[in-house]
Amino acid sequence: MRRARGNILVMALFVSVFLYFLSVALVAQNRQDVLLSVTREHRARADAAARAGLELALHVMRTDAAWPQRLEGAHGELETGGAWSLQPPAPVPGHPNLLEIRSEGVSGIARVTRRRIVEEVALASPDCPGPHLFALTGEGELAMLAPDFRWSRLGPAPDPESWLVASGGPLFSHVDGPADAPPRIFDLTPRGMEEVPLVVQPSQTVAWLDLGPETASWKEIPAPDQVGGNLFRRVDSEIEGTRYQGPGVEWYTLTGRALVAQGTVVVSHARHEFYRGARATVTATGYVLDEPGRHFSSSALLAHDLATGDWSVLVDLMRVSDLQADPEIHAGSPSADVDTLGLVGSQPYALEAGNPRAVLRGMSSGWTLDRQSSGLSRGLYAYAGRLRMHTSEGSSDGMPRISLSEGLDPGRDLVMDRPGVRGALWDASTRSFQERDLLPPKRLRANLLGDLTCTEAFQGGGGNDGANCVAIQGRDLYTFVRLRTEYLAEPDVEYLPPWTEEFLKDSARTETVALARFDGQRWQVWPGGLAEFSALPTPPHSTLVEVGDLELSPRSLAAASYPEGTSPARKRYAPVVDL
Amino acid sequence: MRRASGFSLAEVLLATLFLCIALFGYLALHQRLIYSNWKIEQRQAPREEARSALVQRLAQARRGEAAGLEPVQGVAHGLWRVRAFTTWTETVKGRSEPVEKSVHMDTFIGVRRPGW
């Protein structure tokens, strides 16, 4: 019986112990609820702190060239709670121009790590001096991108229809409007002694941009046909006994057709003009015209060095050894005018006008056919010590070219597949944040804009084939690229509107035009980096590039060097994606 | 023998005492937990709303629509502090008047120039 009596006590104790454990479990559960509630607030604060760290890091990188020192071990606290600490931005493996910023936010027991991939955008290669890039706006104004990555307007261009040329030196351009009239020549004609009417093409002048820290002004180079210039020669008419010999005048005029520069030397297409005077016999009653005066004209190539101030002849099809005798015309070489010039060292190359497949090599006695391109050439460029063609179709015969399919493909080195972005969205039904895919993965494709634009401009002709949309300084090559972005639909991902699968398939393609730099190994699109592209869609056939409030025409681009007027070079950092 | 088969009054009272202590303790605790959970739920929504408000303020700042941003001190111009907060009233035991509570949050945002 004692055992039976003890049972009720044991049962009561057992029930009490059960209730005790039940209470403990409830308290523990409640503690979890409290902790969860508090943790979510801490997590939100830690996330805000981590985000603040990222924003501060990017801001310091954009505003302070000494950011590596400033961001070393950087940390701070928000006013409303939450502390952040930064790890030094580190290169992303395989992408030397991408950096990863890592920021850790801490609040209470919550820790949140945010990462951001940013693209380091440089105006020039590390060992190259920063160039000044020049382009024309849609209104014909000159726009300049200084090494500090700031665009500025420099007023009207000397000739909006002409090229801007430069390579390691100042900027050159033709000047709008004809230069001085041809020299006046008085000679014996069938109508008597009078001024000889010369039929010559209007000559042009070349100017260079004198850029100082605060000033910019165009200075015209004295034309080669200017009387007194080193290429102007003249002998007056003379009478020896009964023989009359008319005047001989030799001069050169710039055509404004093609221009190329290397350092302080500018090379321009020109025409060599020569007037050989009339020959007559002097009689008691007057002159008896034996042979009228004659005007000779041929294609030439002139170079002017700002350092010496003189013009020199690089290519000349006509040699005048005696100003009173007929000149020697070199036969056997193409005599047609040229449209596009390229300089490899001091060796000039040209594309024959009307036959852009023919690459001519300049010699002192004229042009010789260097090679025949199977593709339609748009421009000639000297890059890395070799002549390159800018073609839009076909393949060239062994000549390196800048095109889509060869080694200089911009798409090769861009970040082609941009990862999708996940984030938290406020769900009103559950009154909580839900992690969702905010942006689907994106793929980028790029091609050289020059091909398309040059095709259009080439048909316009007018001495400007529009092929001058590649600028080179050192091993940096600059040009315009057209970027096409398209979104990738992942099969197992539910996309939020408007990123529906139909949208991704049909309309999620945008095209953007931007400037790009090739450093010999990889391309980099700038300014703005990749993240800006989705925000700057342009119509598929637009030929203007929006840069801030500027609209640039991709028709002409030049990289000039102004060491004295240089502002400190800067790098830019553009976010690619937040992870 | 009959006596031996039952429980004494003292045993029953003792057992009842044990059970009452345990049961009333549990009920008191349970009531406390219910109040605590209600309080947690009451505070949870404003906290989430504060976070949501901060996200919205960030989006407004990116679009250049946010007003009243304060520059962050100690860095070059262009980095701004974004604030958001929510308030709510809460009844507290022992007080007849509801008490006003608030959650404040802040973070930074750099406003970029066009193209950068």
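The contact between the chains takes 46 residues from chain A and 40 residues from chain B. Two residues count as in contact if their C-beta atoms, placed from the backbone, lie within 7 Å. Helices (H or I, at least four residues) and strands (E, at least two) are DSSP runs, numbered from the N terminus. α1(A) gives the most to this side, with 30 residues. The residues of this side of chain A divide into 24 nonpolar, 10 polar and 12 charged. Here Ala, Val, Leu, Ile, Met, Phe, Trp, Tyr, Cys and Pro count as nonpolar, Asp, Glu, Lys and Arg as charged, and the others, Gly among them, as polar.

This is a predicted model: local features need pLDDT of at least 70, side-chain atom pairs count only at pLDDT 80 or more, and totals for chains, interfaces and linings use all residues. Residues are numbered from 1 along each chain as its sequence is written, while chains are lettered from A and ligands numbered from 1 in the order in which they are written. The predictor gives the complex an ipTM of 0.77 and a pTM of 0.72. Chain B has a mean pLDDT of 80, and 91% of its residues reach 70 or more. pLDDT is the predictor's confidence in each residue, from 0 to 100.

Now to the strands of chain A. Two strands pair if DSSP finds at least two bridges between them.

| Strand | Partner strand | Bridges |
|---|---|---|
| β1(A), residues 75-77 | β2(A), residues 83-92 | 3 bridges |
| β2(A) | β3(A), residues 95-107 | 8 bridges |
| β17(A), residues 248-262 | β18(A), residues 265-276 | 10 bridges |

β1(A) and β2(A) form a hairpin with 5 residues between them. In its turn, Gly81(A) has a positive phi of about 105 degrees. His75(A) stands opposite Ser85(A) in β2(A).

β2(A) and β3(A) also form a hairpin, with 2 residues between the strands. There, Gly94(A) takes a positive phi near 90 degrees. Ala90(A) stands opposite Glu100(A) in β3(A).

β17(A) and β18(A) belong to an open sheet of 5 strands, in the order β14-β17-β18-β21-β22 (chain A), with antiparallel pairing. Its edge strands are β14 (233-235) and β22 (311-316) of chain A, and each pairs on one side only. Within the sheet, Leu254(A) has Ala270(A) in β18(A) as its bridge partner.
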